[in-house]
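Hi everyone, thanks for making the time today. I'd like to walk you through one model, chain by chain and then contact by contact. Let me put it on the screen.

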Amino acid sequence: MFDFAIAGVEAPIFLLAVVGFTVGIVGGFIGVGGGYMVTPALIVFGFPGYMASGIDMTHIAGKGLVSSVRHRQLGNIDWTLALSMIAGTMLGVEMGVRLLVYFKHLGISGVVLLATSVALMFTLFLYTQIETRRAHKQLAELEKQGKQVGRELQTSSLPRLFQSIPLAPIVRCRTARVIVSMWVIVLVGMVTGVLAGFLGVGGGFVRVPALVYMVGASTHVAVGTDLVEIVISGAYGALRHSIEGNVDFMAVLFMIVGAMFGAQVGSIATSFVRGPAIRYILSYSLILATLGATLRLVYVLTGQNVHWLALTAVMLTLGEMIFLCLFISSLVYFAVRRRGGKWVPDWVGPLVI
Amino acid sequence: MADNHRTKAAFKFCFWLAVSVALFVYIFHSYTSGQMIRWYYYTASLDGYAVDANLSINATKDNPVVLNIAQQEEAKGPVAIPVAKGDRLPKNANGVISLAEIKAGKRVALEGQTVKVMIPWQIKEAKGFKYKDTFKHKGIRTNPWSGAWNVAMVLALGLSLGLLAEGFTDLVGVKIVKIQHGH
Amino acid sequence: MKWFINSMLGYWILLLAVSLGAAAVVYEIWLKGRV
């Protein structure tokens, strides 16, 4: 147990490091900050709500950087894409925060925000899940036919639509292998930034699908590039939160220790899988987060009287972190088995490389 | 050739390990020396009485905690130190009971030269989770430079730990191959 | 039991059950008093 004098809480260091570790794995693999898992976990550990957000944001900046270093080595970062998005993202976040303040003045409650984030996450889950299943099927078909299959297969027609927008300047993103209007990239940054600032959800699980389905980047590059954005938006968020008094840096420190190891596992794990595998994990994380948020919404709507709802939401948050880590580890395990010529379930084959 | 590579990797690993450890020690020291805490509880953001909110945490209406109003350098013991907006907070103070709160009289009351705390915390809700909202962190402003320090430290840690990990995999000979993107 | 590994849905359910079980254990041991 450590006495966090700033937060005014005594919490076990071990649990903080473990949270950092598990969210590090997930974040390194699907390119999210993991705030929707960390913030509730910190509140459960006893940190006040406003500090939970601040500590989470600050640790995300550091953890994102650890992951980015590894993803750079893996060749998963498109710097043209990353740098083009920054301005849009920063502007978007600022707009989103101001929109939030405006809505709060209008008296729109937290319930509406929670409901909106539930609807958004569920829509994203549906689209990603349906598209990925189609891609999975096609990969299986191609493998059956004995055809050579690369790292990525994507079945959405949206990227072609966005890439055909002729607004100058047109940029060539070498690593992402995409030629697209700069304005599409800025739009992606802005939209994801506004959602992040307004709903308070991390840009990651909106930005990765946006990079895949709007810009047309491969999933691996979307993950690596998104993590760079997360460092920048995380650092900005950390600064703002620190000034508001929402950060206990010692909590951040212990989480980063765990995150450092987790980020390695998650980032390197991407080299064992194909794009659809990452999108599957992303969609699972979305549906579980949606479920958790729905439970909390129902709990709030029932006047915070039905305690088992709150308890179930806690269990789901913890369970989600463990589930995603187990699934990611399984994929790596099956990939290694397959490389060694050993048996793997049929559904695994097309997902790993 | 391989030896050269190994030597470079060893140097990289040791260098970033040293940097990471140094950062750790520095941050830990800044906490244990009280510097981090002093920069957090920096100035008062409103007029009121600076207190150590921990002392009144178990107060109730029937058993209120009485804080003596006194001008002191340190909020040691049951004291309430008058502060104005912008004043440096006394050592050990972790919250400010505002004059507005005292005027309202519901949670705290002014009695002569004492401040009586009756309701030290309220249940508030954030993102669907309940938590105890106390006088701690209220009415305080952190040193804005601590924000810059936090960001600098977290990014420095992220970079050094990331490069440390890279050095480690280089050293133990784990091959990290660049991913070939595309269909 | 085989279905839980041979089918993707089955594997998903298996892992979720294990994870929620682990979460219950973590909650019992460390978090019960705190929530």
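Let me start with a question: what percentage of the 183 residues in chain B is buried? The answer is 36%. Before I go on, please keep in mind that this is a predicted model, and everything I quote is computed from it.

Let's stay with chain B for a moment. Chain B holds four helices and ten strands. If you read from the N terminus, the order is α-α-β-β-β-β-β-α-β-β-β-β-β-α. Chain B is more spread out than a compact globule, because its radius of gyration is 25 Å, well over the 16 Å that the globule rule gives for 183 residues. Along the principal axes, the C-alpha atoms of chain B fill a box of roughly 80 × 40 × 25 Å. As for the contacts within chain B, take those between residues at least 6 apart in sequence: 66% of them join residues at least 24 apart.

Now, the sheet. Six strands of chain B make an open sheet with mixed pairing, in the order E5-E2-E4-E3-E7-E6. At the edges sit strand E5 (95-98) and strand E6 (108-111) of chain B, each pairing on one side only. On average, and ignoring direction, neighbouring strands of this sheet are turned by 35 degrees against each other. For a parallel case, look at strand E3 (residues 65-69) and strand E4 (residues 79-83) of chain B, which pair over two bridges. There you can find B:Ile69 opposite B:Ala80 in E4(B).

For an antiparallel case, let's move over to chain A. E3(A) and E4(A) pair in the antiparallel sense over four bridges.

In general, most residues other than glycine have a negative phi, and most peptide bonds are trans. A:Arg177 is not a glycine, and yet its phi is positive. The residue lies in the loop between E3 and strand E4 (178-181) of chain A. Is A:Arg177 buried or partly exposed? It counts as partly exposed, because it has 16 C-beta neighbours inside 10 Å.

Compare that with B:His137, which is also not a glycine and has a positive phi near 70 degrees. You'll find B:His137 in the loop between strand E9 (129-134) and strand E10 (140-141) of chain B. B:His137 counts as buried, because 22 C-beta neighbours lie inside 10 Å.

There is a cis peptide bond to show you as well. It joins A:Ala168 and A:Pro169, with omega at about 0 degrees. A:Pro169 is in the loop between helix H6 (158-163) and strand E3 (170-173) of chain A.

Which of the two pairs of chains that touch has the most contacts? That would be chains A and B. Here, 52 residues of chain A are in contact with 41 residues of chain B. On the chain A side, H3(A) gives the largest share, with twelve residues. Other elements giving two or more residues to that side include helix H2 (35-44) and helix H9 (219-243) of chain A. By class, this side of chain A has 29 nonpolar, 17 polar and six charged residues.

Chain A also meets chain C, in a contact that takes 16 residues from chain A and 17 residues from chain C. Helix H12 (residues 307-339) gives the most to the chain A side, with eight residues. That side has 13 nonpolar, two polar and one charged residues. H12(A) itself has 33 residues and reaches 48 Å from its first C-alpha to its last, close to the 48 Å expected at 1.5 Å a residue. Just after H12(A), A:Gly341 takes a positive phi of about 80 degrees.

And what about chains B and C? They do not touch, and their nearest C-alpha atoms are 9 Å apart.

Conventions:
Residues numbered from 1 in each chain as written. Chains lettered and ligands numbered in written order. Predicted model: local features only at pLDDT ≥ 70, side-chain atom pairs only at ≥ 80, totals over all residues. Rg over C-alpha atoms; globule rule 2.2 N^0.38 Å. Buried ≥ 20, exposed ≤ 12 C-beta atoms within 10 Å, placed from the backbone. Contact = placed C-beta atoms within 7 Å. Nonpolar A, V, L, I, M, F, W, Y, C, P; charged D, E, K, R; others polar. Pairing = 2+ DSSP bridges. Axes fitted to C-alpha atoms, helices over the stretch in contact; angles between N-to-C directions. Expected span 1.5 Å × (residues − 1).
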